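Trainee: I am new to this structure. Please take a close look at its salt bridges and explain what they join.

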Amino acid sequence: MKKINISKKIDHTLLAPNATLEQFKKLCDEAVENEFYSVCVPPFMVKSCKKCLADTDIKICTVVGFPLGYNSYLTKMVEAKELINNGADEIDAVINISALKSGDFDFINKEVKSLRQACGKNILKIIIETAYLTDKEKTEVSKIILKNGADFIKTSTGFAPSGAKIEDVKLIKSVVGKNIRIKAAGGISTYEQAVAMIDAGASRIGSSKSLNIVK
């Protein structure tokens, strides 16, 4: 396997509900040491991590409607705006999975459009939680996200029964082409897995095992 510099493609992630401030400070130190693209942290930790990384070019990524996506899209809009005001550079928002599974594509269209508006020029990633979706649903939601101008489709929260799969990345890529980037996340813990996702079409990797990937 040809070696590539993968650090700048990684969102170094800590979203455990019981993680402490000290652990998030350590996460930021690790991101600096390994030159990761961003840290992906809970909303509560955005301000603290922004201060920790103030003198670096490492981005702050955070989550909205996480992890179930049940919140109303108006709530998600407010959350996204507040987090951007607090220093977040990138928003990873969970789609309303229940609405999607119910075939309410009009609602999904409104939700993505509203989130795009709320995020302005900041990077918006829409998490579709592939573990719960059929291939038809993955295709339809990818088309809606493409239509409404999100920057990324993200495969998974990491809290579902399974995470990123090569076949899902390839399917999404076949729908959106080069018009939207793909973030593969959930269960990626080795360099080989990460490279396989990139080869399949992903341009960003989300992982809580980033150190293992790069070392």
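Mentor: Partly exposed covers the range between buried, under 20% relative accessible area, and exposed, over 50% (1.4 Å probe, protein chains only). This is a predicted model, where local features need pLDDT of at least 70 and side-chain atom pairs count only at pLDDT 80 or more, while totals for chains, interfaces and linings use all residues. Residues are numbered from 1 along each chain as its sequence is written, and side-chain values use heavy atoms, with hydrogens and water left out.

A salt bridge here is a side-chain nitrogen of Lys or Arg within 4 Å of a carboxyl oxygen of Asp or Glu. The structure has 17 salt bridges. One of them pairs D11 with R204, at 2.9 Å from N to O. D11 belongs to strand 1 (residues 10-13) and R204 to strand 8 (residues 204-207), so the bridge links distant parts of the chain, 193 residues apart. Helices (H or I, at least four residues) and strands (E, at least two) are DSSP runs, numbered from the N terminus. D11 is buried at 0% relative accessibility, and R204 is buried at 4%.

R204 also meets E90 in a salt bridge, again 2.9 Å from N to O. Because E90 lies in strand 4 (residues 90-94) and R204 in strand 8, this pair ties together parts 114 residues apart in sequence. Both E90 and R204 are buried.

D135 and K138 form a salt bridge with their closest N and O atoms 3.4 Å apart. Both residues lie in helix 6 (residues 135-147), three residues apart, about one turn of the helix. D135 is partly exposed at 48%, whereas K138 is buried at 7%.
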